[in-house]
Amino acid sequence: MPKAKSNIEIKNKRAGFEYEFIESFTAGIVLSGSEIKSIRLGKASLVDAYCYFVGSELYVKHMHVADYWWASFNQHDPKRERKLLLNRKELRKLQRNVREKGLTIIATRLFIAQNGFAKLNISLARGKREYDKRHTIKEKDIRRDMERE
């Protein structure tokens, strides 16, 4: 029997303003029991979340998952570093781009997949300069004005 579609979707809205996305990937996350229950309640934040490599493994840092109220003594640390699950080819590609081109990996969206597992969309990104941000705001204003007419 298929599981019910989840409407949990936590986005990092600030990332689109601060970074220019080059390529996106969907990764699984290694979570404990109280963390997944808290995410299913929508109690997570990706505001300052970014990814980094330890050896050949990818971790996400500063992803806040709030404490689960009903959990007993097995409570998790809200700001702990969580391992991301990608295949080896994707990991090598990300690691090469981060090392050679000076790009960064940003967490953009956290959601519950149809199979019930938590997934994290990550993007290979380049930081925007001040004039790039102004240009983005100008394009949004022009697009909004054209839609009104």
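Thr108 is buried, with a relative accessible area of 15% (buried means under 20% relative accessible area and exposed over 50%, with a 1.4 Å probe and protein chains only). The model is predicted, with local features requiring pLDDT of at least 70 and side-chain atom pairs pLDDT 80 or more, while totals for chains, interfaces and linings use all residues. Residues are numbered from 1 along each chain as its sequence is written, and side-chain values use heavy atoms, leaving out hydrogens and water.

Thr108 belongs to strand S8 (helices, H or I with at least four residues, and strands, E with at least two, are DSSP runs numbered from the N terminus). Leaving aside residues up to four places away in sequence, the contacts of Thr108 include Ile10, Phe21, Leu46 and Ile122 (contact means heavy atoms within 4.5 Å).

Strand S8 (104-112) is also one of the elements against which the buried residues of H3 pack, together with strands S2 (19-29), S4 (50-54), S5 (57-61) and S9 (118-127). These buried residues of H3 are Leu91, Leu94 and Asn97. Seen down the helix axis, they fall within an arc of 135°, so they line one face of H3 (the arc is that of the directions from the helix axis to the C-beta atoms). The face turned away from the buried side carries the exposed residues Arg88, Lys89, Arg92, Arg99 and Glu100. H3 is followed by Gly102, with a positive phi near 75°.

Trp70 is found in the loop between strand S6 (64-65) and strand S7 (82-85). At 58% relative accessibility, Trp70 counts as exposed.
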